[in-house]
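Open the structure in a viewer and keep the sequence panel beside it. The stops below say what to select and what is found there.

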Amino acid sequence: MIVFSYLCYFLVRSSVIRRENRSRMNVPFRLGGGDGVDEMEEKFLNEAKARNMIGLKGHGSVGGIRISLFNAITLEHTERLVEFLKEFQASNQ
């Protein structure tokens, strides 16, 4: 729930999935507007990779970002992700 709570006011302006169909385990979203801004999403993915956060690229047919929160993801990992989201937002407004 930490990621969901933060994403409510992050740079996310569009979820790829309608609210009633959203998963609690996968959090897909676009950055920078309705259809997303590819350059901003690519920058996000590159900065995440530099922090050893991998596998965040969205599905090939949908694009965007996808955060998967399965059992191997600890609270510490989630908190690090949210901290990165905050830093990315602060430097990209």
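**The whole chain**

Begin with everything shown as a cartoon, and keep in mind that this is a predicted model. The protein chain has three helices and three strands. Followed along the sequence, they come in the pattern α-β-β-α-β-α.

Of the 93 residues in the protein chain, 34% are buried.

**The largest nonpolar core**

Hide the surface and select Leu 31, Phe 44, Leu 56, Ile 65, Ile 67 and Phe 84. Of the 16 residues in the largest nonpolar core, these six touch the most other members. Which elements give two or more residues to this core? They are strand S2 (26–31), helix H2 (38–50), S3 and H3. As a general background, nonpolar side chains in soluble globular proteins tend to be buried together.

Select Leu 56 next and show what surrounds it. Leaving out residues up to four places away in sequence, Leu 56 touches Phe 44, Leu 45 and Ala 48, and also Gly 64, Ile 65, Arg 66 and Ile 67.

Move to Phe 84, which lies in helix H3. Is Phe 84 buried or exposed? Its relative accessible area is 0%, so Phe 84 counts as buried, the cut-off being under 20%. With residues up to four places away again set aside, the contacts of Phe 84 are Phe 44, Glu 47, Ala 48, Arg 51 and Met 53. Draw a distance from Phe 84 to Arg 51: these residues are 33 apart in sequence, and their C-alpha atoms are 8.7 Å apart in space.

Stay in helix H3 and select Phe 88. Phe 88 is buried, with a relative accessible area of 1%. Its C-alpha atom is 10.0 Å from that of Met 40, a residue 48 places away in sequence.

**The loop between H2 and S3**

Select Asn 52, which is in the loop between H2 and S3. Asn 52 is not a glycine, yet it has a positive phi of about 65°. It is exposed, with a relative accessible area of 68%.

Ile 54 is found in the loop between H2 and S3 as well. Is Ile 54 buried or exposed? Ile 54 has a relative accessible area of 67%, which means it is exposed, since the cut-off is over 50%. From Ile 54, draw a line to Ile 67: the two are 13 residues apart in sequence and 9.6 Å apart in space, C-alpha to C-alpha.

**The second largest pocket**

A probe the size of a water molecule, rolled over the atoms, shows where empty space is left. The second largest pocket has a volume of about 250 Å³. To find it, select Met 53, Ile 54, Leu 56, Ile 73 and His 77, which are the closest to its centre among the 13 residues that line it. Strand S3 (65–68) and helix H3 (75–91) are the elements that give two or more residues to this lining. By class, the lining has seven nonpolar, four polar and two charged residues.

End on His 77, whose place is in helix H3. His 77 is partly exposed, with a relative accessible area of 35%.

Technical notes:
Residues numbered from 1 in each chain as written. Predicted model: local features only at pLDDT ≥ 70, side-chain atom pairs only at ≥ 80, totals over all residues. Heavy atoms only, no water. 1 Å grid on protein atoms, 1.4 Å probe; cavity = no way out; pocket = protein on both sides within 12 Å on 5 of 7 lines; lining within 4 Å. Points joined across faces, edges and corners; volume = space filled by probe spheres on them. Helix = DSSP H or I, 4+ residues; strand = E, 2+ residues; numbered from the N terminus. Nonpolar A, V, L, I, M, F, W, Y, C, P; charged D, E, K, R; others polar. Core = buried A, V, L, I, M, F, W, Y, C linked by side-chain atoms within 4.5 Å. Buried < 20%, exposed > 50% of the residue type's maximum accessible area, 1.4 Å probe, protein only. Contact = heavy atoms within 4.5 Å.
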